[in-house]
Amino acid sequence: YITDLNLKKWMINSLDHGLSNCVKKIYWIDHHLWDKESDELTDKLGYYVKYNDAKHTASENLAEFLGVKEDPVVDLIKILSRDSDFGIMQHFLTEPLTDLIRYLVYIKKSKALLRKLVRKISRGVFWDYETELLWKNAYKMKREVVENTLRNYIYKEVDDRKIYFFFTEPV
């Protein structure tokens, strides 16, 4: 199963090459819009089972595809994924978990810590002492970036409008 990755031709070719000696059936469950060329290539190869609904998150689509209903852990994952993907940020865990995941992926570059977090969440442990400590580091870094951004700007007036250009490192 592959989920929540925007389908690209190079990914399809890499998978096709890497699995050339295997009996294959790849389930690609997503919510990203695929380009026509990639979509047609998967149809031509014939071993991709695609389930894509852009109105829902990948987590919602995966739960629907697997027929998971009324599971409290999956239900919370679906709420958090919708909150994060659509920028709603209403649930109290959405923003800290989103910050933590970005921190682990882009700053720490730690697949091991990310995998550990995913395993905890899949068991219904969304927050614990270890998660709190990691999040404190992520939050501290986020605050530093925001504060630096607020100090690094250029202000211009154009046609009676005030325009601010902010410069920051990616978070």
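Reply: Gladly! Keep in mind that this is a predicted model. The lining of the largest pocket is made up of 19 nonpolar, eight polar and six charged residues. In total 33 residues line this pocket, and Asp4, Ser59, Ile77, Ile101 and Val118 lie nearest its centre. Two or more lining residues come from each of strand E1 (2-3), helix H3 (58-66), helix H4 (72-85), helix H5 (94-107) and H6. The volume of the largest pocket is about 1,200 Å³.

Me: What makes a space a cavity and not a pocket?

Reply: A cavity holds points where a 1.4 Å probe fits but cannot get out, whereas a pocket is an open set. With 30 Å³ or more as the limit, the count here is one cavity. The largest cavity has a volume of about 50 Å³.

Me: Which residues line the largest cavity?

Reply: Its lining consists of Leu104, Leu113, Lys116, Leu117, Lys120, Glu130, Thr131 and Leu134. Helix H6 (111-122) and helix H7 (129-151) are the elements that give two or more residues to that lining. The largest share, four residues, comes from H6.

Me: Why is Val105 called partly exposed?

Reply: Partly exposed lies between the limits of under 20% for buried and over 50% for exposed. Val105 has 35% relative accessibility, so it counts as partly exposed. Val105 sits in helix H5. It also belongs to a nonpolar surface patch with Ile101, Tyr106, Ile107 and Met141, and together these five have about 420 Å² of accessible area. H5 gives the most to this patch, with four residues.

Me: Why is Asp160 called exposed?

Reply: The cut-off for exposed is over 50%. Asp160 has a relative accessible area of 80%, so it is exposed. You can find Asp160 in the loop between strand E4 (153-158) and strand E5 (161-166). Its phi is near 60°, a positive value in a residue other than glycine.

Me: And is Met89 buried, partly exposed or exposed?

Reply: Met89 has 33% relative accessibility, so it counts as partly exposed. This residue lies in the loop between H4 and H5. Met89 is not a glycine, yet its phi is positive, at about 55°.

Terms used. Residues are numbered from 1 along each chain as its sequence is written. This is a predicted model: local features need pLDDT of at least 70, side-chain atom pairs count only at pLDDT 80 or more; totals for chains, interfaces and linings use all residues. Side-chain values use heavy atoms; hydrogens and water are left out. On a 1 Å grid over the protein atoms alone, a cavity is a set of points where a 1.4 Å probe fits but cannot get out, and a pocket is an open set with protein on both sides within 12 Å along at least five of seven lines; lining residues have an atom within 4 Å of a point. Grid points are joined across faces, edges and corners, and a volume is the space filled by probe spheres set on the points. Ala, Val, Leu, Ile, Met, Phe, Trp, Tyr, Cys and Pro count as nonpolar, Asp, Glu, Lys and Arg as charged, and the others, Gly among them, as polar. Patches are made of residues with over 30% relative accessible area and no salt bridge: like charges are joined within 9 Å, nonpolar side chains (Val, Leu, Ile, Met, Phe, Trp, Tyr) within 5 Å. Accessible areas come from the Shrake-Rupley method with a 1.4 Å probe; for residues, only the protein chains shown count as cover. A salt bridge is a side-chain nitrogen of Lys or Arg within 4 Å of a carboxyl oxygen of Asp or Glu. Buried means under 20% relative accessible area, exposed over 50%, partly exposed in between (1.4 Å probe, protein chains only).
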